[in-house]
Amino acid sequence: MFTRLGQAVSGLFRRNGKDELDRLDNYKPGAELLLLAYKIDDQPTHLWDVTTGASAPVAFTSAFNDPTFTLIAHNAAFERTMLNHFGFASAPERWQCSMARALSHALPDDLETLGKVLGLSEDHAKIKDGSR
């Protein structure tokens with residue numbers, strides 16, 4: 001998310017020829033960026049399908065490169081490491097981690113369980129196939 005208060009960023013990466021959302025590993029040689037979801041302020045969430053060959057959306061790169069924006073992700077260290085590898089470098093202090101925040105409140109760290117505990121509706125919760 002990109003906002004002066006925060007921007008959510010989440011990517012889908014492929015490793016070893018298979019689509020994965022493995023939030024426990026850092027960059028592995030051969031990883032590819034497939035999809036990148038981002039939200040700026042109160043705007044709708046956008047999805048950049050990198051597999052189409054389209055360049056990064058201007059709104060994404062503008063917000064990502066603006067140091068006044070805070071970047072928010074679940075397991076932010078992973079997202080930051082991966083995005084840095086794909087040319088989107090950012091200072092660690094710009095990031096906030098929703099997983100660390102959940103853990104600091106004794107809540108679960110995985111999105112599916114966290115969504116259930118928080119009572120999120122199905123359209124706001126993590127889909128079981130890992131696509132959001």
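Student: Is Lys116 buried or exposed?
Tutor: This is a predicted model: local features need pLDDT of at least 70, side-chain atom pairs count only at pLDDT 80 or more, and totals for chains, interfaces and linings use all residues. Residues are numbered from 1 along each chain as its sequence is written, and side-chain values use heavy atoms, without hydrogens or water. Buried means under 20% relative accessible area, exposed over 50%, partly exposed in between (1.4 Å probe, protein chains only). Lys116 has 58% relative accessibility, so it counts as exposed.

Student: Which residue forms a salt bridge with Lys116?
Tutor: A salt bridge needs a side-chain nitrogen of Lys or Arg within 4 Å of a carboxyl oxygen of Asp or Glu. The structure holds 1. In this pair, the closest N and O atoms are 3.7 Å apart. The partner of Lys116 is Glu112.

Student: Where do Lys116 and Glu112 lie?
Tutor: Helices (H or I, at least four residues) and strands (E, at least two) are DSSP runs, numbered from the N terminus. The two residues are 4 apart, about one turn. Both lie in helix 4.
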